[in-house]
Amino acid sequence: MAPRGHSFAVGGSSADRLLKCPANVVERLKLPPGVATDVAFAREAAEEGSRCHDLMEQWFVTGVLPADAPPDERAQVEKAYDMAMATFDRYMPGAEIFGVELEVTSFLPGCFGTTDLVMLSPGWIGLGDWKFGGWFVPALYGNAANPQLLFYLSALRVTYPGLFKDRDKFLLLISQPKCVDEAEHVVVGVAELDAFDRQIEAAFVEAMNPNPTYSKGDHCAFCAAKVICPKWTGPALDFSRLNGAPPRLPGAKKMKAYGEWLGTALTLLADINAWAKSVEPAAHEWIQSGQTIPGWKTEPKRATRKWALPEDEIRDAMIGKGYSLDAVAPRVLRSVAQLEKIVGGVPPAFIKSESSGINLVPDGKPPAVPLAEQADRLTAATAALKKET
Ligand code: SF4
């Protein structure tokens, strides 16, 4: 199968990020050639997703799923297909396939993408996207449709304008079999599509400015530039802003200030952890692409021992040697969650809840504070504590 196309400035998967942080284009341009446009958090998951996309394409093209495909990947592909078709049938009965893995080109210079599936029926265009990872992606972002799907639809309109002559209702769906049992979907019209074109064009123009706007948030998760982005590396790495330790002898006022100091330090720590999570995958990718990092190398993880033969063969052989079934392969009760899933509910008297410990988590009350401001607060809190000492 041909590799799926991704454009650098903006493609389907980066459309949301461009809208939220136009500066990500220029930040990613600072990276050397060969660094992935988007971060693949889990290489194995990304590879599995890619194999499932290929299986789905083969199914559409040849009408059969390869018999030698791994059963769990076959099951995922079949489920994704069923979920998508059930939704297409609901809105677009009798819809026909227009294209699978279709390259589409945006009106933005140099920007393009690959749509997984395009369906047509009178008055309707349906656009389907397969997602085989475990990361749920909604069809709606607040009140607006998912920008990735809108980007594909917009590019489809540019590439195949004739399709849009007699069709003004657009069904956008994401089929993600690992996350949900129904396709996520939204119906939009021409007005929403036109509004998206205006927004993405404005963000693109902003991205080309000498000083584009930076905006830090959840959309940074898959931004390859997060490793070097000043919004993450600037204040987060400046530990001098911690400005010394809190006092040793807390009085009543100092106790409050100490709590605030810890709260700010925890928030700062959360940001540093979030940034750190992007560094390791980037380093892995870099070394695996044949590059070097002074002082660092990759090596295989410690091997874990596994059965080399099918489990029933091992079990029978061990029983043949005189060991009991209980000793070799004891039957164990399934977990509450597993059993509930199978039997649809168990008597409440069978279940007790026990916490496995205590976690430290945000209580949801502190407003999201920009990182630079967090560091300033920390400095101010420390200074206040020193004054009190
Ligand atoms: S990491 Fe976030 S703030 Fe920095 S460039 Fe990427 S999207 Fe923008």
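Five strands make up an open sheet with mixed pairing, in the order β1-β2-β3-β6-β7. Strands here are DSSP runs of E at least two residues long, helices are runs of H or I of at least four, and both are numbered from the N terminus; two strands count as paired if DSSP finds at least two bridges between them. The edges belong to β1 (96-105) and β7 (184-189), each with a single partner strand, so one side of each has no neighbour in the sheet. From one strand to the next, the twist averages 25° (axes are lines fitted to C-alpha atoms, for helices over the stretch in contact, and angles between N-to-C directions run from 0 to 180 degrees).

All of this comes from a predicted model, in which local features need pLDDT of at least 70, side-chain atom pairs count only at pLDDT 80 or more, and totals for chains, interfaces and linings use all residues. Residue numbers start from 1 along each chain as its sequence is written. The protein chain averages a pLDDT of 84, with 83% of the residues at 70 or above; pLDDT is the predictor's confidence in each residue, from 0 to 100. Over residues 1-5 the score stays under 50.

Going along the sheet, β1 and β2 run antiparallel and are joined by 8 bridges, with Val 100 partnered by Leu 117 in β2. The two strands form a hairpin with 6 residues between them, and Gly 110 in its turn has a positive phi of about 75°. Next, β2 and β3 pair in the antiparallel sense over 5 bridges, and Ser 121 has Trp 124 in β3 as its bridge partner. Their hairpin has 2 residues between the strands, and Gly 123 there takes a positive phi near 80°.

Helix α4 (71-91) lies across β2 (112-121), β3, β6 and β7, at about 160° to β6. Helix α6 (190-207) lies across β6 and β7, at about 90° to β7.

How values were computed: Two residues are in contact if their C-beta atoms, placed from the backbone, lie within 7 Å.
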